[in-house]
Amino acid sequence: MEQRRHERRRARGYMVGCVVFVLLWSVASAQIRYSISEEVNEGTVVGNVAKDLGLDKSTLRDRKYRIVTSHANPIFHVNQNDGILYVSRKIDREEVCTQSITCLINLKTVLENPLEVHYVEVEVLDVNDHSPSFPEDEKALEISENVLPGVRIPLKPARDPDGGPFSVQHYKLSPNDHFRLEVKDKGKDGKIPILVVQKSLDREAAESHSLVLTALDGGKPPKSGEMKIIVNVLDINDNAPVFSQDIYSVMLDENAPVGTTVIQVNATDLDDGANGDVVYSFSNSVSHRLFNLFDINPTTGEITVIGLINYEENDIYEIEIQASDKGLAPLATQKSVIIKIVDVNDNAPEIEVTSFSSSIPEDSRPGTTVALISVNDLDSGLNGKVICSIGEEDVPFALSPSLRDKMFSLVTKSPLDREKQSQYDLTITAKDAGKPSLSSEKTISIVVSDVNDNRPEFSLSPYTFYVYEANEPGTSVFSVKAYDRDENDNARISYHIFRNISNDNKLTSFLNINSENGDILALKSFDFETLKTFQFQVVASDSGTPPLSSNVTVNVFILDQNDNAPVILYPVSSNGSAEGVEEIPRNVNAGHLVTKVRAYDADIGYNGWLLFSLQEVTDHSLFGLDRYTGQIRTLRSFTETDEAEHKLLILVKDNGNVSLSATATVIVKVVEPKEAFAASDVKSAAKEDEGNDVTFYLMITLGSVSVLFFISIIVLIAMQCSKTTDYTSKYLQEPNYDGTLCHSIQYRSGDKRYMLVGPRMSIGSTIAPGSHANTLVLPDRRRASGEVRR
């Protein structure tokens with residue numbers, strides 16, 4: 001219910017308001033219109049409002065006629081006294097009426113008591129007081145050079161605050177060959193200038209174009225405004241880089257240091273910006289191997305060395321260089337750079353033994369090929385020309401050039417002798433002709449193989465050995481040694497004794513020889529008393545094919561040992577004992593020869609040197625015995641008190657290391673002179689017979705010994721004559737008899753004299769060391785010694 005009441009009240013109030021509005025509109029309906037030009041001075045009369053409204057001046061004053069405005073600085077004011085409308089300040093139409101063709105200013109004027117509203121409309125007439133102006137004094141346009149003719153480029157229009165005919169009426173473009181101007185009328189928005197491309201652009205011909213666009217209004221004379229248009233032709237990547245040279249060729253020494261500049265290439269691009277920035281690189285066709293040798297600066301185009309340049313690997317390089325720009329679709333140009341490598345003598349000759357015999361027989365003929373040698377030098381020209389030679393002089397080898405270049409044959413130029421030199425270390429020198437020259441060496445070891453061309457050689461020729469009698473059978477008594485200058489089997493020597501069936505060589509059946517070392521064994525004992533000397537031949541053979549052999553004569557002298565005891569010759573032995581009876585007159589004087597004990601020893605030298613001594617005697621003052629001769633003599637005259645019979649025991653011994661001896665007993669009977677004469681006649685006859693027998697035995701013994709002695713001397717002389725200088729010792733033959741059955745052989749070596757002693761040896765001699773006790777060293781002066789008699 002209340003809601004309905006409220007709606008009714010609202011409807012009633014709305015109707016009342018409408019009535020009031022109609023009444024008021026009817027009151028304010030009066031309107032006056034004036035026109036005035038802009039830019040008039042302040043105080044200019046616009047019109048007489050009171051007169052035009054039909055109001056008297058008193059009414060205007062009484063009812064407070066005025067202009068109602070909210071502006072602090074209004075454009076117009078009305079005088080209440082006379083009702084004339086004045087310009088309060090200078091009017092700028094373009095300020096008051098922006099973008100309006102007709103500029104109308106509505107003024108509301110009121111009268112109070114009662115309220116009365118009158119509208120005054122003032123039209124501000126335009127004056128051509130503004131020139132056209134563009135938003136920018138200079139406009140920069142960027143147009144790609146690849147645009148097609150007919151392309152339209154709208155430009156910002158010029159603005160003229162004036163309206164109507166004083167606004168911008170048309171445009172004009174400065175004359176040029178590439179652009180023209182079109183104007184599009186867009187009504188309220190004015191006329192729009194359009195720049196049209198009428199000819200293709202080429203940035204490389206002209207990078208920019210300068211145009212002047214002029215806007216003209218409709219004043220008389222017209223006012224204008226200008227705008228400078230700079231058309232920058234945008235580059236398109238329509239030009240590939242171009243190298244400065246058609247052919248790039250350069251010489252480069254091999255082994256050039258890393259970092260060496262080979263060459264610098266240069267390419268230019270007529271494009272601009274990134275399209276004209278050139279980047280250098282190796283073409284994709286370049287072998288990856290070259291990337292290890294050369295590098296290129298992408299900015300400068302400088303090619304440098306980064307690896308080892310070796311002429312021997314490659315003497316020329318052709319590198320494809322690419323120059324490309326930095327356009328979105330880069331354009332590239334390729335160019336070949338030819339790098340010729342100049343050879344440097346950096347390789348020493350290389351020596352290779354292609355065929356080689358490590359050994360060559362010593363009987364090879366001169367001209368025999370030992371090895372084939374090839375020499376190679378990786379350099380070229382004179383740097384690769386090689387001269388080959390042997391470093392050693394005076395060798396039996398030479399280098400012979402082969403038919404092929406840089407091939408040589410190593411051949412023998414003279415006979416070889418392994419025994420003089422078994423190995424040659426040859427230094428092969430190869431030297432090139434470069435400057436400076438380089439050379440290399442290689443050592444070849446050549447072994448001269450053995451040929452069985454040397455016979456075994458004995459260390460002595462002939463051999464002379466001295467062997468003591470009574471040697472032990474089956475033991476080595478002496479040895480021979482032979483040497484062969486060959487080697488291996490050719491120098492492996494075996495020994496054997498040359499045997500034949502002649503009587504002179506029967507003793508060889510009792511000798512044996514070790515075939516490997518030459519030791520000679522006696523299968524029986526020697527007896528000096530039956531055999532004094534003998535000789536035989538030993539043959540030494542090598543194991544070569546065919547074998548070679550040589551022989552040597554071996555002279556053997558048997559040395560005496562003290563193996564025979566003295567034999568008493570007088571007194572005559574009987575029943576194993578020697579005993580004799582001698583009768584002498586009592587009246588003999590001192591020094592009378594009672595008798596002489598005679599003895600014999602089959603040994604020689606000291607072993608056969610006999611000494612006599614009294615072992616037992618009745619009266620030592622009566623008889624004396626000569627130590628060396630065995631003579632028994634009286635020492636004094638007999639007296640009456642002396643006994644008539646005396647017994648003398650005589651000891652006879654030799655001088656061996658272990659002396660052997662014998663004894664003889666002599667009974668001396670002292671008789672009266674008459675009895676002595678008769679007995680002496682009988683005994684002298686018996687002694688004469690006995691002496692004759694002894695003399696006969698002595699003559700036989702001395703004769704046989706002398707014959708053997710002279711045979712030995714002759715054999716020794718013959719051997720001396722046949723010996724070489726290296727093994728010869730000068731023998732001095734000097735027979736010497738210092739007693740019974742004594743002989744010797746003397747020889748000299750250096751400052752000493754030596755004597756080989758026979759059956760009896762001189763007194764005062766000494767045995768030389770190292771001579772098996774068969775060589776005596778003679779003193780410079782010999783002592784006088786008595787003769788041993790038998």
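# Close-up views of a predicted model

**View 1. The largest nonpolar core.** Of the 28 residues in this core, Leu-252, Val-262, Phe-294, Ile-321 and Ile-339 touch the most other members. Seven strands are listed as giving it two or more residues: β16 (248-253), β17 (261-264), β19 (279-282), β20 (294-296), β21 (302-305), β22 (316-324) and β23 (332-342). Strand β22 provides the largest share, 4 residues. The model shown here and in the views below is predicted.

**View 2. Phe-294 and its contacts.** Phe-294 is one of the core residues that touch the most other members. Leaving aside residues up to four places away in sequence, Phe-294 touches Leu-252, Val-262, Phe-282, Ile-303, Thr-304 and Val-305, and also Ile-306, Ile-309, Tyr-317, Ile-319 and Ile-339. Two of these contacts, Leu-252 and Ile-339, are themselves named among the core members with the most contacts.

**View 3. A buried charge without a partner.** Asp-160 sits in the loop between β9 (152-154) and β10 (168-173). Asp-160 is buried, yet it has no salt bridge. How far away is the nearest side chain of opposite charge? That side chain belongs to Lys-223, and the distance is 8.0 Å. A salt bridge requires the nitrogen and oxygen atoms to be within 4 Å. The residues that Asp-160 does touch, not counting those up to four places away in sequence, are His-130, Ser-131, Pro-132, Phe-166, Ser-167, Val-168 and Asp-217.

View 4. Side chains of opposite charge can pair when their charged atoms come close. Glu-121 pairs with Arg-33 in this way, with the closest N and O atoms 3.2 Å apart. Glu-121 counts as buried because its relative accessibility is 13%. Strand β7 (residues 116-125) also holds Val-117. Val-117 is buried too, at a relative accessible area of 15%. The C-alpha atoms of Val-117 and Tyr-65 are separated by 9.5 Å, although the two residues are 52 apart along the chain.

**View 5. A salt bridge between two loops.** Asp-450 and Arg-418 meet through their side chains in a salt bridge of 3.0 Å, N to O. Asp-450 is in the loop between β31 (439-449) and β32 (457-458), while Arg-418 is in the loop between β29 (407-412) and β30 (423-432). The pair links distant parts of the chain, 32 residues apart. Are these two residues buried or exposed? Both Asp-450 and Arg-418 are buried.

View 6. Asp-642 and Arg-636 form a salt bridge, 3.1 Å from N to O. Asp-642 is buried, at 11% relative accessibility. Arg-636 is partly exposed, because its relative accessible area is 24%. Elsewhere, salt bridges link Arg-203, Glu-204, Glu-207 and Asp-235 in a network. The count for the structure comes to 18 salt bridges.

**View 7. The cavity.** The structure holds 1 cavity of 30 Å³ or more. About 40 Å³ of space lies inside the largest cavity. Which residues line the largest cavity? They are Glu-136, Lys-139, Leu-155, Lys-156 and Met-227.

**View 8. Two cis peptide bonds.** The peptide bond from Lys-220 to Pro-221 is cis, with omega near -5°. Pro-221 is in the loop between β13 (208-217) and β14 (224-234). The bond from Thr-545 to Pro-546 is also cis, with omega near -5°. Pro-546 belongs to the loop between β39 (533-541) and β40 (549-559).

View 9. Lys-64 has phi near 55°, a positive value in a residue other than glycine. Lys-64 lies in the loop between α3 (57-62) and β3 (66-68), and it is partly exposed at 47% relative accessible area. Asn-488 is not a glycine either, and its phi is positive, about 55°. Its place is the loop between β35 (482-483) and β36 (494-498). Asn-488 counts as exposed because its relative accessible area is 59%.

**View 10. Asn-376 in a strand.** Asn-376 is part of strand β26 (residues 369-376). Its relative accessibility is 36%, so it counts as partly exposed. Beyond residues up to four places away in sequence, Asn-376 touches Ala-348, Pro-349, Glu-350 and Lys-406.

How values were computed. Residues numbered from 1 in each chain as written. Predicted model: local features only at pLDDT ≥ 70, side-chain atom pairs only at ≥ 80, totals over all residues. Heavy atoms only, no water. Core = buried A, V, L, I, M, F, W, Y, C linked by side-chain atoms within 4.5 Å. Buried < 20%, exposed > 50% of the residue type's maximum accessible area, 1.4 Å probe, protein only. Contact = heavy atoms within 4.5 Å. Lys, Arg positive; Asp, Glu negative; His and termini not counted. 1 Å grid on protein atoms, 1.4 Å probe; cavity = no way out; pocket = protein on both sides within 12 Å on 5 of 7 lines; lining within 4 Å. Points joined across faces, edges and corners; volume = space filled by probe spheres on them.
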